Amino acid sequence: MKRAIAATLLALLSSMAEADPMRLGDLVATAVRQAPELAHARLDLAVARASALRARGIEDVHVGANAQIQADRSSSISVVGNDSQRVVGAGASVSKLLSTGGTLGLALDGSRTQTKAALDGVTRVGYESSISVSLTQPLLRGAGAATVEAPIRAADLQTEATHLAAEARARDLVVALARAYHQVELARAQLEVRKLGLESARKQQELTEGQIRAEKVARSELLAVQEAIAVHQQDVIAAEQTILERSLALRELAGLELVPDAIAIETEPLPPLPAGDLELATLLATATERSVVLAGLAAAERIAATNLAGAEGTSRDRLDLQVAAGPLATGSTFGGAVANTVELGGYAVQASLVFDRAIQHRTERGSIAIARTALERARIDQRAARLHLAVTATRAVQRAHAATASFDLGVKAIALAEQNIEAEQHRFELGKSTNFDVLRRQDELEQVRLRNVAFVVDYLDARADLDGLTGEILAKYGVVMP
């Protein structure tokens with residue numbers, strides 16, 4: 001019964017002249033398309049995806065080619081020297097980084113050497129070809145998948161974190177839009193309450209004038225009513241100005257164009273409060289599970305852990321094993337050199353170890369310390385965010401409970417205030433009361449009505465906050481982040 005009375009009251013207080021008010025869902029759809037905040041979020045996500053693609057570039061297969069020409073001519077003739085020599089060579093290579101941190105390569109090389117002997121003046125031409133398979137494998141610094149793939153995993157996690165941050169910004173924007181829309185709804189409902197107060201004062205003026213004509217009350221009784229009417233008119237003007245101010249704020253937030261002859265936004269009437277209660281434990285569990293803030297901080301922790309593993313891998317002493325082997329052959333013609341290469345007429349094998357260590361190890365120790373500090377900060381941020389989420393959800397639930405209870409009491413108070421006005425007006429007609437007493441009763445009714453529409457908005461704001469925490473607010477208005 002109370003809720004039925006409440007619904008009737010809200011329909012009375014919030015009904016507007018416009019036939020087609022702006023729905024909150026339409027406003028959100030427009031804001032999602034135009035709001036700079038979400039446009040920036042989409043650009044940040046595009047940059048993160050591009051960064052992840054760039055990080056995967058270390059896995060690319062590299063193809064190379066080279067060509068060279070060299071000419072030498074001795075300034076003097078010796079028994080063993082050459083008067084001149086010309087070398088023309090070319091080669092091709094393919095290489096790829098392995099998950100172990102090593103680089104595997106295949107090289108094909110060929111060259112033509114022309115020499116002219118200083119003693120006999122004979123020109124000789126020789127060809128050389130080779131195939132070489134090489135492997136450079138770090139044994140300490142930079143070895144292992146954890147080190148090699150750390151930039152890729154960090155970039156992928158950063159993309160995930162950026163997507164979560166974009167969703168968080170979308171949630172915050174829609175919650176802010178809902179709150180701003182509710183404020184315009186509240187201002188319009190308050191305007192209707194002010195108009196009801198003005199109407200009641202004018203009816204009391206008519207009643208007073210009738211009593212004066214019947215010589216039942218003194219003409220001075222009219223002064224209090226006239227004063228009350230002037231004050232109510234001021235309240236109506238102030239309420240209309242509030243609608244304009246809140247409409248401007250909503251337009252700016254949603255990115256709506258300003259229309260000079262239609263600044264005020266026409267909203268839907270305030271809805272009745274829904275039946276049922278909000279369960280804190282359930283809502284808190286859902287908010288924790290679906291929190292993009294917590295998920296983003298968890299991703300940040302994984303990024304920090306990945307960076308720490310990468311820092312530890314790159315801070316070890318350098319010890320690289322380099323191995324290269326393959327057939328090597330020469331011939332008087334290029335075809336002969338290639339044939340000798342295929343027949344394994346000769347070969348070349350090379351192996352080496354390269355070691356390097358910084359004595360003070362300051363760069364390495366500093367990098368690890370920075371990475372460990374970032375990881376610890378990420379863990380601290382998660383704990384703080386989890387507590388903040390619990391506090392925010394608890395406050396929202398309690399605000400909703402308080403608003404519901406207060407609204408129900410307000411419905412009862414409105415009914416009693418209306419009865420008090422009737423009784424006071426009856427006493428006024430009998431000459432047992434004054435206009436001051438009647439107007440005071442009318443003011444009491446107006447204040448109760450104003451408080452009650454504010455309780456509705458308190459509940460709607462709390463509900464929007466909870467929907468923002470659980471993510472339901474995006475689904476509610478059909479917002480999907482790319």
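Which residues does leucine 177 touch, not counting residues up to four places away in sequence? Leucine 177 touches Leu24, Val28, Ala31, Leu250, Leu253 and Ala254, where contact means heavy atoms within 4.5 Å.

## Basis of the report

This is a predicted model, in which local features need pLDDT of at least 70 and side-chain atom pairs count only at pLDDT 80 or more, while totals for chains, interfaces and linings use all residues. Residues are numbered from 1 along each chain as its sequence is written, and side-chain values use heavy atoms, with hydrogens and water left out.

## Nonpolar cores

The largest nonpolar core has 27 residues, of which Leu27, Val28, Leu177 and Leu250 touch the most other members. A nonpolar core is a set of buried Ala, Val, Leu, Ile, Met, Phe, Trp, Tyr and Cys residues joined through side-chain atoms within 4.5 Å. Buried means under 20% relative accessible area, exposed over 50%, and partly exposed in between (1.4 Å probe, protein chains only).

Two or more residues of this core come from each of helix H2 (24–34), helix H3 (36–55), H5, helix H6 (221–254) and helix H12 (472–476). Helices (H or I, at least four residues) and strands (E, at least two) are DSSP runs, numbered from the N terminus. H5 gives the most to this core, with ten residues. Apart from it lies another core, of 26 residues, including Leu297, Ala385, Leu466 and Leu469.

## Packing of H5 and H10

The axes of helix H5 (residues 150–213) and helix H10 (residues 362–429) come within 12 Å and cross at roughly 10 degrees. Axes are lines fitted to C-alpha atoms, for helices over the stretch in contact, and angles run from 0 to 180 degrees between N-to-C directions. H5 is therefore roughly parallel to H10; angles under 35 degrees count as roughly parallel, over 145 as roughly antiparallel, 65 to 115 as roughly perpendicular and the rest as oblique.

On the H5 side, the contact is made by Arg179, Gln204, Leu207, Thr208 and Gln211, and on the H10 side by Arg399, Gln425, Phe428 and Glu429.

## Helix ends and a buried glutamine

H6 has 34 residues and reaches 50 Å from its first C-alpha to its last, close to the 50 Å expected at 1.5 Å a residue. Glycine 255 follows H6 and has a positive phi, near 75 degrees. H10 is followed by glycine 431, whose phi is also positive, near 80 degrees.

Glutamine 442 belongs to helix H11 (residues 435–470). This residue counts as buried because its relative accessibility is 8%. Glutamine 442 touches Ser200, Ala201, Gln204, Ile421 and Gln425, not counting residues up to four places away in sequence.

Notes
The expected span of a helix is 1.5 Å times one less than its number of residues.
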